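Hi everyone, thanks for making time this morning. I'd like to walk you through one structure, starting with its ligand and then moving out to the rest of the chain.

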Amino acid sequence: MTTRAGRAAAGSQGTDPTWYRDAIIYEVHVRSFADSDGDGVGDFRGLTQKLPYLAALGITAVWLLPFYPSPLRDDGYDIADYTAVHPQYGTLRDFETFLHEAHRRGLRVITELVLNHTSNQHPWFQRARRAPAGSRWRDFYVWSDTPDRYAEARIIFKDFETSNWAWDPVARAYYWHRFYSHQPDLNYDNPAVRRAILRVVDFWCALGVDGLRLDAVPYLYERDGTPCENLPETHAFLKDLRRYVDARYPHRMLLAEANQWPEHAAAYFGDGDECHMAFHFPLMPRLYMALKQGNISPLEWVFERTPAIPENCQWCTFLRNHDELTLEMVTPEEREYMWREYAPDPRMRLNLGIRRRLAPLLDNDQRRIRLLYSMLFSFPGTPIVYYGDEIGMGDNIELFDRNGVRTPMQWDASPNAGFSTASPSLWYAPMISTPPFDPAHVNVADQTGRSDSLYHFLKHLIILRKAHPELSSGEMRWLQTGSRSVAAVLRIEKNRWLCAVHNLLDAVQEIELCFPQAKGSFRDLIEGTLIYHADAGRLTLQPYQTVWFAGTMDQG
Ligand code: BGC
Ligand code: MG
């Protein structure tokens with residue numbers, strides 16, 4: 001048995017320091033995946049039992065949503081204790097076993113570092129509100145006598161909050177919160193806060209986690225006369241954090257959750273000395289827009305606007321996650337368009353977004369679901385798959401907040417869907433129960449057993465992604481096709497290239513396709529059929545079809 005210190009010194013498993021550049025990340029909530037002890041709540045033992053499933057899908061890293069002690073008023077993003085496991089999900093030992101088993105299978109583990117705020121139940125906050133004004137303990141959080149400071153800061157949870165200040169009757173002062181009022185923001189001007197957060201980093205890195213998602217990272221500092229986002233002080237802190245981690249824990253990855261325009265999100269890479277990764281929020285809605293409009297303009301626009309990033313960095317890209325499909329990074333007109341087209345029922349809308357899952361957003365049309373996955377996997381960035389979306393699970397807009405996209409994983413067609421042996425009335429959330437998304441129609445057992453399923457399609461894309469390094473870090477070029485309704489990209493690295501073509505229309509399209517790298521004839525890597533002769537320079541695309549073909553420069 002290796003000791004904790006021994007594991008930390010050895011670094012995370014594997015020897016590739018830039019493993020995240022060609023990872024495939026699976027995002028999962030412990031509580032939603034598998035319940036091992038029959039209490040209706042998923043847990044670490046259940047998740048550990050399902051590792052073979054994840055390994056078989058081919059993903060290379062697991063991103064765990066918050067699993068720490070919490071009153072769960074923001075599904076665990078309201079942390080009451082940073083260095084323990086919520087008893088519902090198991091023990092710290094269970095977590096360690098999970099981590100060990102994941103590593104044994106070659107899977108890396110990314111956990112949440114919710115560093116901007118805590119729960120108001122956190123002992124730090126309880127201590128702060130009782131401590132004398134101006135003291136080091138009080139100043140763990142951001143206080144004010146009036147609620148009008150920092151008025152330029154926007155409100156993020158618009159459907160729930162009307163101010164970023166809340167009155168605390170014990171402290172007899174207002175405290176600052178960018179999210180729910182039960183989530184007070186930590187005060188990064190206080191060196192004791194910065195040290196306390198580094199202790200949290202130490203705790204999880206020493207256990208061996210491979211990466212930390214820095215939740216809500218743009219909001220760490222507040223300054224008068226600014227929107228209180230992306231401030232220089234925040235970037236300075238992140239550079240310190242990076243130096244700290246690099247010096248102690250080799251090969252760990254920091255992922256910035258900065259829901260920002262590309263140039264602001266890219267700033268979280270620094271000069272390769274801040275975060276290793278950052279989510280590409282603006283790309284996501286434009287994938288949906290391009291598909292609905294049958295036009296590549298939104299995609300061209302967003303890639304045009306995306307700056308080059310340092311060599312050792314990588315974007316994280318995604319179609320859906322545990323939150324609403326955010327429409328913060330689009331224009332007001334585009335937002336109206338997205339709401340009209342993808343959220344016709346007002347209950348589908350939340351804050352500035354859409355609280356639906358991938359498959360229902362696309363009317364369960366398997367062609368369009370595959371098309372979006374194909375774009376995700378052939379465009380730059382490390383793709384993330386949200387649990388359940390590999391089998392096209394549905395959502396439940398009757399549930400509060402974002403809970404409708406966080407329902408139990410559907411393993412089989414049995415009444416309990418293989419999630420738990422507890423009576424469903426005891427579950428943390430109801431199963432999706434209406435066709436076509438109920439477990440009778442959508443479940444893992446069916447899809448793993450059927451070669452034409454979405455699961456197998458995605459698994460195939462993952463295999464291709466791994467076999468073609470040009471998809472991870474190669475340069476991307478748009479190819480002219482004579483049609484604005486076809487997204488054709490060429491990914492090139494060294495002497496390798498891969499061409500991915502997407503028909504955004506529900507109609508057959510005949511396109512022209514010529515590029516000097518292609519010589520001879522090519523088979524579609526997805527269907528295996530012969531599709532393209534470079535001499536003819538033409539390609540026929542079926543409605544919503546996607547084709548990939550690849551070659552090397554010295555060929556032909
Ligand atoms: C997380 C949300 C959470 C919020 C506040 C976000 O960025 O993704 O799920 O509600 O941070 O912690
Ligand atoms: Mg359980």
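Let me begin with a definition: Ala, Val, Leu, Ile, Met, Phe, Trp, Tyr, Cys and Pro count as nonpolar, Asp, Glu, Lys and Arg count as charged, and the others, Gly among them, count as polar. Please also keep in mind that this is a predicted model.

With those classes, what does the shell around ligand 1 have? There are seven charged residues, three polar and three nonpolar. Of these 13 residues, the ones that come nearest are Asp74, His117, Glu257, Asp323 and Arg402.

Now for some individual contacts. The side chain of Glu257 has an N or O atom 2.5 Å from an oxygen atom of ligand 1. For His117, the distance from a side-chain N or O atom to a ligand oxygen is 2.7 Å. His322 also takes part, with a polar side-chain atom 2.9 Å from an oxygen of ligand 1. And how much of the ligand's accessible area does the protein cover? On its own, ligand 1 has 310 Å², and the protein covers 97% of that. As for where ligand 1 sits, it is in the largest cavity.

Let's move on to salt bridges. The count comes to 40, and I'll pick out one of them: Asp94 with Arg45, at 3.1 Å from N to O. Asp94 belongs to helix H5, residues 92-104, and Arg45 to helix H3, residues 44-49, so this pair ties together parts that are 49 residues apart in sequence.

Finally, two backbone details for anyone who likes torsions. Most peptide bonds are trans, and most residues other than glycine have a negative phi. Pro435 and Pro436, though, are joined by a cis peptide bond, with omega about 5°. You'll find Pro436 in the loop between strand S14 (382-386) and helix H15 (444-448). Arg172 has a positive phi, near 55°, and lies in the loop between strands S5 (165-168) and S6 (173-176).

Conventions:
Residues are numbered from 1 along each chain as its sequence is written. Chains are lettered from A and ligands numbered from 1 in the order in which they are written. This is a predicted model: local features need pLDDT of at least 70, side-chain atom pairs count only at pLDDT 80 or more; totals for chains, interfaces and linings use all residues. Side-chain values use heavy atoms; hydrogens and water are left out. A residue is near a molecule or strand if one of its heavy atoms lies within 4 Å of it. A polar contact is a pair of N or O atoms within 3.5 Å; within protein, one must be able to donate a hydrogen and the other to accept it, and residues adjacent in sequence count only if both atoms are side-chain atoms. Accessible areas come from the Shrake-Rupley method with a 1.4 Å probe; for residues, only the protein chains shown count as cover. On a 1 Å grid over the protein atoms alone, a cavity is a set of points where a 1.4 Å probe fits but cannot get out, and a pocket is an open set with protein on both sides within 12 Å along at least five of seven lines; lining residues have an atom within 4 Å of a point. A molecule sits in a cavity or pocket if more than half of its atoms lie within 2 Å of its grid points. A salt bridge is a side-chain nitrogen of Lys or Arg within 4 Å of a carboxyl oxygen of Asp or Glu. Helices (H or I, at least four residues) and strands (E, at least two) are DSSP runs, numbered from the N terminus.
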